[in-house]
Structure formats: C-alpha cells, structure tokens
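Subject: Structure for you to look at

Hello,

I am passing on the structure that we talked about. My notes on what was found in it come below.

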Amino acid sequence: MSSVIKVRMADLNVVSAPDTIRTSGLGSCVGVVIYDDKRAIAGMAHIMLPSSSLSKHLMTNEAKYADTAIPALLTQLEKRGARLYSLKAKLAGGAQMFSFSTGNDLMRIGPRNVEATKDKLKELGIPIIAEDVGGKSGRTIEFNPISQLLQIRTVNKGTTEI
Amino acid sequence: MEFFQKLKPHHLDALKEIGNIGAGHAATALSKLLNKKIDMSVPAVRLVSFQDLPDQIGGADQKVAAIFLRIEGDAPGSIFYISHIEETEKLIQHLTNELTFQLQEPPYDELGTSAFLEVGNILAGSYLSSLADFTQLSLQPSVPGFSVDMAGAILSYGLIPLSEVGDYAIVIDTEMMELDAKEGRIRGHFLLLPDPQSFKEIFTALGVDLR
C-alpha cells in the first residue's frame, strides 16, 4: 500500500517509494522537489518567502524560506539514505495571484521566491530537471519518486506532468 | 509569535468589536446594493496558524472566488471577500441581470467581474470608513484584485506580511448571508488580516491597554 504524504504551507517532508508526496494550493509560494533518482527517495518543501534575512524575529520555521528550507531538506534526504551527488530538483509555483499595481513589493513575491529557490539549488549544485513557474494560477502538486514525475493540477488548465 | 502570546481576551474582544462595526456597515451596503436582506454572523476573531487558515474556508484545494485588497495608511493589512463559485455566480447574476454569467471556466464575462470588483470596493470601503471613524486612524483601500482559484493559493497572498514575523495570523472573520433565499443563498466570508505592526496602532486607537 502506498500513501500520499502531505506537505503544508511553510512545511517540508521526505518520502520513499511507493509513497508519493503532495502539497496543495501553491500561489506565490514555491513547491520544490528534490529527489535521488537512483534510490526513489524524494523530499518536498512549500516555501513562502525568498530569504530568512527578511525575518524580523528569531527564526522559528526553516521550511518557510528558500535559503533555509533547501539545506534542511538535504539534511533530511541524507538521513533517509539519499546521496547528495545524485540529487535532482523540480519546481512549481511562484504565481502572481492578483494583478493590480500598488507599487508594493508584496506583489512580486512569486518571482522572487522562484529566483531565490533557483539560486540556492545552483549554489548547492543540484540540477533543475523541470519547472512550471509563474503565471496567474494556483497549483496543487504531487511527486512520485518511482516515475520521478511531478503532477501539477490547476483549477482551469487541468493536470499536467513534468 | 511573542506578541500573539501576550494577547488577552479583552484584546480579542476589541478586535471583535471592530469586526462588528465594520461588517455591520458593509452588510448594510451590500443589502442596499442587492436590494435583499443581508444578515451577518457575530464576527469570529481567531488566532490561527497559516497552515490552518485555508481549512476554515474549506481546504487549500477548494475552488473559490475572491476579492483581495490591501489596506493602506496607519494600520496596513489585507482584506478578502471569499465565497463559493456558485454563490458568487448568483450574486453577479443578480447584480447584472445576466443569468448566463459563469465562473466555471475562463474567460469570465468582463461586465460580471467588474460588477463583483465593485461589490468588493463597496464592502471594503464601508468596512474601512466605519473603522476609520471609530478609531480615528487613516485607512484607505487599494484597488481591488479578483481571482478564481484554490483557497490556499489565494489566502497565502495575504499572509506574506505576517509570515515575515511569525507563523500565526489574527483573522477577523464575518460571514454575510442572504436572508429569505428560496434556493442557493448568497453567502461570503469577509476576512480582515491586520499586518503585524498594525495591532499596536489599533489597540492604542481603541484605548486598549497593550499589556
């Protein structure tokens, strides 16, 4: 029996096959999947903000920020038996849910989350195999460590796989 | 979070009063606009973790129609008017007399969506102006934005300013619903999410002791 492990907003988790891992309702947030393609192990983080340096208080949740969520995910993947050299990444999200101009930085948070996630992956030498980012639609994503496919569902454009 | 831990019941009561005054005026405005009797619930003031917020609207995956505005001025924050697809269709059909208006799949009729945005403007405007009168704070609504999408994706947008300081939000939630409806009531949630720095302003303006 396989089960679906859920990742909530500002949360991360790791699964081994045959389990799959899912996060729902990504808007400006980014869902990043990091997987070991030889060992069918995958981790997912639901990132809300680009950088922990934005945090105005003591950091409580490392899964919330791109720059801390990805290293934390790697630690968990290693514990599960993944090898750092065979890790690959896929990402989705970073949409702009509302289009109106207020000159507020808040409105550009989606693209900034995507950028910060890519920067961190690049810094850690993890190749990005596929991505579905930007646009105006919310996404629910599910990754299967066996097929290594990321299924993406939106309310208007149906389901795709990358 | 430290701040939220210091909150006492009388703080939440003060926020509830804000919801009462604001939503009372907004419900009256909506009632006039629709020429229907609109009732509102007692405002619920909740301290919720981000992760639990979408569950209160039916889950992160739930497809909803939403209007989103930023509050600018002395006490910034976010305002959402969120309702189910069918109920929003009914509201817009009633406003425009366009009985074919649908939100099942895009493109949505422009006249209908701009009517819905106008509803958002009127609701938020009356909510904020009564709030501003009551607190003597200067509060202005931004231009509203409209989206039909997953509740999680929509709500997370308003959580960004709060997420920079913690993992919790205070939500002032008022449900508005049509009275005497024969079938399929018009119903929606009006959510006010003050930004973290706004609580001090609001409590000071209301004369509520911060400690």
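Where is B:P107 found? B:P107 sits in the loop between α3 and α4 of chain B, and a cis peptide bond with omega of about 0° joins B:P106 to B:P107. Helices here (H or I, at least four residues) and strands (E, at least two) are DSSP runs numbered from the N terminus.

This is a predicted model, in which local features need pLDDT of at least 70 and side-chain atom pairs count only at pLDDT 80 or more, while totals for chains, interfaces and linings use all residues. Residues are numbered from 1 along each chain as its sequence is written, chains are lettered from A and ligands numbered from 1 in the order in which they are written, and side-chain values use heavy atoms, with hydrogens and water left out.

Backbone

Most residues other than glycine have a negative phi, and most peptide bonds are trans. A:P18 lies in the loop between β2 (12-16) and β3 (20-26) of chain A. A:A40, in the loop between β4 (30-36) and β5 (41-47) of chain A, is not a glycine and has a positive phi near 55°. B:Q136 is not a glycine either, and its phi is positive at about 60°. B:Q136 is placed in the loop between α4 and β5 (139-141) of chain B. With a relative accessible area of 67%, B:Q136 is exposed (exposed is over 50% relative accessible area, buried under 20%, partly exposed in between, with a 1.4 Å probe and protein chains only).

Aromatic pairs

Over all chains there are 10 aromatic pairs. Rings of Phe, Tyr and Trp (its six-membered ring) pair if their centres lie within 6.5 Å; planes under 30 degrees apart are stacked, over 60 edge-to-face and the rest tilted. B:Y81 and B:F116 make an edge-to-face pair, 6.3 Å centre to centre with 65° between the planes. B:Y81 is in strand β4 (residues 77-84) of chain B and B:F116 in helix α4 (residues 110-135) of chain B, so this pair ties together parts 35 residues apart in sequence. Both B:Y81 and B:F116 are buried. B:Y108 and B:F146 are also edge-to-face, at 6.3 Å centre to centre and 85° between the planes. That pair links B:Y108, in the loop between α3 (85-96) and α4 of chain B, to B:F146 in strand β6 (residues 145-150) of chain B, 38 residues apart. B:Y108 counts as buried at 19% relative accessibility. One aromatic cluster is formed by A:F98, B:F68, B:F80 and B:Y157.

Helices of chain B

Helix α2 (residues 9-34) of chain B packs with α3(B) at an angle of about 55°, the axes being 10 Å apart. Axes are lines fitted to C-alpha atoms, for helices over the stretch in contact, and angles run from 0 to 180 degrees between N-to-C directions. The two helices, α2(B) and α3(B), are therefore oblique (under 35 degrees is roughly parallel, over 145 roughly antiparallel, 65 to 115 roughly perpendicular and the rest oblique). In contact (heavy atoms within 4.5 Å), B:L30, B:L33 and B:L34 of α2(B) meet B:L91, B:H94 and B:L95 of α3(B).

In helix α6 (residues 198-206) of chain B, the residues B:S198, B:F199, B:I202 and B:F203 are buried. On the other side of α6(B), B:K200 and B:T204 are exposed. Just after α6(B), B:G207 has a positive phi of about 70°.

Regards
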